[in-house]
Amino acid sequence: MSSNPNSLSVARTSSAPELPRDCTFSAEDWRVLSPYWYPVAHASEVTDQPLAAKLLDMKLVLYRSGDKVVVARDLCFHRGAPLSKGWMQNGEIVCPYHGFRYNCEGKCTAVPAHPAAKISPKLKLIVYPSVERYGLVWTTLGGGGEELIPDFPAWDDPDYIQILPPPFDIAGSAGRQMEGFLDVSHFAYVHTETFGDRNNTEVPQYTVKRDGNELIAEYWSTVSNYGKGQMNAAPEGFQWLREFRVFPPFAASLTVYFPEEGRLRILNCASPVSARYTRLFCPIARNFDKEAPIEDTIRFNLQVFDEDREMVESQTPEDLPLDLHAEAHIPADRTSIAYRQLLTELGLGRNYTS
């Protein structure tokens, strides 16, 4: 832990975790990012059958053992076989190569080739912490505390309906995706098929403030959040408030204030599969239109994600540059400028690779 009281660095476990093979991050950036919690799957995807996932270049296997969700390195240390190709037997995962079995704590309980032999306590899996929250399974590779999981209280609020679009893959960096989510001047150009308006391009002045280790941006404008073709219409002159809250390094919530006390709340979680590949998880909750088909909401949001993806995947440089002199900025960029400064405070390199 840094001695600087204003530092954003996270306390790490006494023994630094081993970097994954073929790591696409710098070693220091990987170690800065590894203590944070990231979603790796929908909770509904994780069953009593092994599921492969990847986070920060680390190959993982996920499965349920009784009422416990297990997240472990996808590797049997006997001969390096992936456990995600195995199966479950009496609550234990079985290696597909030689039948070694491991319990939910990662301890090897059976070596079929030598059923009577004593099993070395060193023969065990690397198991990571896991938490189910907002319909997602979260984990940390570096042992950070659960307080690092972003807040999204609307998910448990009975006044809201909860919607979980499928995971969305982006061949781009988590930092670029996050910055796109926070950007308010691209609506009229990127989202013309969903809600943007090329005749409404001006970005009014807005504020960005710091709340501990988080950022809050409040943006008022006349840009509607109703989708194209929807029958809804805001009152004439209605001012839309979009309130962003950034949870470093790669999560942010957005609250959109609709007419008649309507609230749409979105949690954008850019999970870094690798330095330049991102899996987006996006829980959504709203307190209005509760009878509207959920499928329509999912379809609309996937279209918005797809519009953003085309831009994120084509940006140059692919990496999000933290050196503020590397790209030009305008007043509308104040949130992304503050976000880049926040990532720098985490201790990420100036030529940060995500």
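This is a predicted model: local features need pLDDT of at least 70, side-chain atom pairs count only at pLDDT 80 or more; totals for chains, interfaces and linings use all residues.
Visitor: What makes Ile284 count as buried?
Guide: Buried means under 20% relative accessible area, exposed over 50% and partly exposed in between, with a 1.4 Å probe and protein chains only; Ile284 has 1% relative accessibility and therefore counts as buried. Ile284 touches, among others, Phe152, Trp155, Leu264 and Asn301, leaving aside residues up to four places away in sequence. Although Ile284 and Phe152 are 132 residues apart in sequence, their C-alpha atoms are 9.5 Å apart in space.

Visitor: How do you know that the span of helix α4 agrees with its 19 residues?
Guide: Helices are DSSP runs of H or I with at least four residues, strands are E runs of at least two, and both are numbered from the N terminus. The expected span is 1.5 Å times one less than the number of residues; for α4 (residues 294-312) this gives 27 Å, and its end C-alpha atoms are 27 Å apart, so the two agree.

Visitor: Which residues of α4 are buried, and what puts them on the same side?
Guide: The buried residues are Thr297, Asn301, Val304, Phe305, Glu307, Asp308 and Val312. They cover an arc of only 155° around the axis, which puts them on the same side of α4, the arc being that of the directions from the helix axis to the C-beta atoms. The exposed residues Glu295, Arg299 and Glu310 lie on the face turned away from that buried side.

Visitor: Why is a set of residues called a nonpolar core?
Guide: The name applies to buried Ala, Val, Leu, Ile, Met, Phe, Trp, Tyr and Cys residues joined through side-chain atoms within 4.5 Å. The largest such core has 67 residues, and Leu60, Leu62 and Tyr339 have the most contacts inside it. Helix α5 (residues 334-346) contributes the largest share of this core, five residues. Apart from it lies another core of 17 residues, among them Ala72, Leu83, Cys108 and Leu123.

Definitions and conventions: Residues are numbered from 1 along each chain as its sequence is written. Side-chain values use heavy atoms; hydrogens and water are left out. Contact means heavy atoms within 4.5 Å.
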